[in-house]
Amino acid sequence: MELQIIQNTDNPLLGRQELQLGIAHESAATPRRMEVRKEVAKQMKAKAELVIIDHLKNRYGRQETIGYAKVYADMGSLTATETQPILARHGLTAGSAGAGK
């Protein structure tokens, strides 16, 4: 999996950076949300808990995925902005057993 950040927009009002992603995954399946989350955290030098993957969409007939991610400055701004289903999807709520599958 080769992740490339296409666009990085700073959003100081919400305390986050908004990223457009391009992911090349030749001879492999579409990468899982948690794999992309870890790779974004590594490239942005942030904690994986502060990265939210909004969406990942495959390009038909290609081994290419485009996506949108948000990297928050702190956990307070993340929990104040994101909805409960998104937090559960990323394993950030108490009742999120089995999240990320």
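Colleague: What does Ser 77 touch, not counting residues up to four places away in sequence?

Modeller: Ser 77 touches Leu 14, Gly 15 and Tyr 72. Keep in mind that this is a predicted model.

Colleague: Where is Ser 77 found?

Modeller: Ser 77 is in helix H2.

Colleague: Buried or exposed?

Modeller: Ser 77 has a relative accessibility of 15%, so Ser 77 counts as buried. The cut-off for buried is under 20%.

Colleague: You mentioned Gly 15. What is going on with its phi?

Modeller: Gly 15 takes a positive phi near 65°. It sits in the hairpin of E1 and E2, with four residues between the strands.

Colleague: How many bridges join E1 to E2?

Modeller: Nine bridges join them, and the two strands run antiparallel. E1 covers residues 2–11. As one example, Leu 3 in this pairing has Ile 23 in E2 as its bridge partner.

Colleague: And the other hairpin, E3 and E4? How many bridges there?

Modeller: Seven bridges, again in the antiparallel sense. E3 is residues 51–58 and E4 is residues 64–72. Ile 52 has Lys 70 in E4 as its bridge partner. Five residues lie between these strands, and Gly 61 takes a positive phi near 75° in that hairpin.

Colleague: Lys 70, then. Which residues does it form salt bridges with?

Modeller: Asp 54 is one partner, with the closest N and O atoms 3.3 Å apart. Lys 70 lies in strand E4 and Asp 54 in strand E3, so this pair ties together parts 16 residues apart in sequence. Glu 82 is another partner, with the closest N and O atoms 3.0 Å apart. Glu 82 is in the loop between H2 and H3, so that pair ties together parts twelve residues apart in sequence.

Colleague: Is Lys 70 buried or exposed?

Modeller: Buried, because its relative accessible area is 7%, and the limit for buried is under 20%. Asp 54 has 29%, so Asp 54 counts as partly exposed. Glu 82 is buried, like Lys 70.

Colleague: What else does Glu 82 meet in a salt bridge?

Modeller: Arg 16, at 3.8 Å, N to O. That pair links distant parts of the chain.

Colleague: Which residues end up in one network?

Modeller: Arg 16, Glu 18, Asp 54, Lys 70 and Glu 82, through salt bridges that share partners. The structure holds five salt bridges.

Colleague: New topic. Which residues make up the largest nonpolar core?

Modeller: There are twelve: Leu 3, Leu 19, Leu 21, Ile 23, Val 36, Val 40, Ala 41, Met 44, Val 51, Ile 53, Ala 69 and Val 71. E2, H1, E3 and E4 each supply at least two residues of this core. H1 gives the most, with four.

Colleague: Pick Val 36. What is it in contact with, leaving aside neighbours within four places in sequence?

Modeller: Met 1, Leu 3, Leu 21, Ile 23, Pro 31, Ile 53 and Leu 56. Apart from this core lies another, of five residues, among them Ile 52, Tyr 72, Ile 86 and Leu 87.

Colleague: What about Arg 37? Where is it?

Modeller: Arg 37 is in helix H1, residues 33–44. Arg 37 is buried yet has no salt bridge. Glu 49 is the nearest side chain of opposite charge, 6.2 Å away.

Colleague: What lies 3.0 Å from a polar atom of the Arg 37 side chain?

Modeller: The backbone oxygen of Val 51. Leaving aside neighbours within four places in sequence, Arg 37 is in contact with Ala 48, Glu 49, Val 51, Ile 53, His 90 and Leu 92.

Colleague: Last one, Ile 6. Buried or exposed?

Modeller: Exposed, because its relative accessible area is 56%, and exposed means over 50%. Ile 6 is in strand E1. Leaving aside neighbours within four places in sequence, Ile 6 is in contact with Gln 20, Leu 21 and Gly 22.

Colleague: How far apart are Ile 6 and Leu 56 in space?

Modeller: They are 14 Å apart, C-alpha to C-alpha, and 50 residues apart in sequence.

Technical notes
Residues are numbered from 1 along each chain as its sequence is written. This is a predicted model: local features need pLDDT of at least 70, side-chain atom pairs count only at pLDDT 80 or more; totals for chains, interfaces and linings use all residues. Side-chain values use heavy atoms; hydrogens and water are left out. Two strands pair if DSSP finds at least two bridges between them. Buried means under 20% relative accessible area, exposed over 50%, partly exposed in between (1.4 Å probe, protein chains only). Lys and Arg count as positive and Asp and Glu as negative; His and the chain ends are not counted. A salt bridge is a side-chain nitrogen of Lys or Arg within 4 Å of a carboxyl oxygen of Asp or Glu. A polar contact is a pair of N or O atoms within 3.5 Å; within protein, one must be able to donate a hydrogen and the other to accept it, and residues adjacent in sequence count only if both atoms are side-chain atoms. Contact means heavy atoms within 4.5 Å. A nonpolar core is a set of buried Ala, Val, Leu, Ile, Met, Phe, Trp, Tyr and Cys residues joined through side-chain atoms within 4.5 Å.
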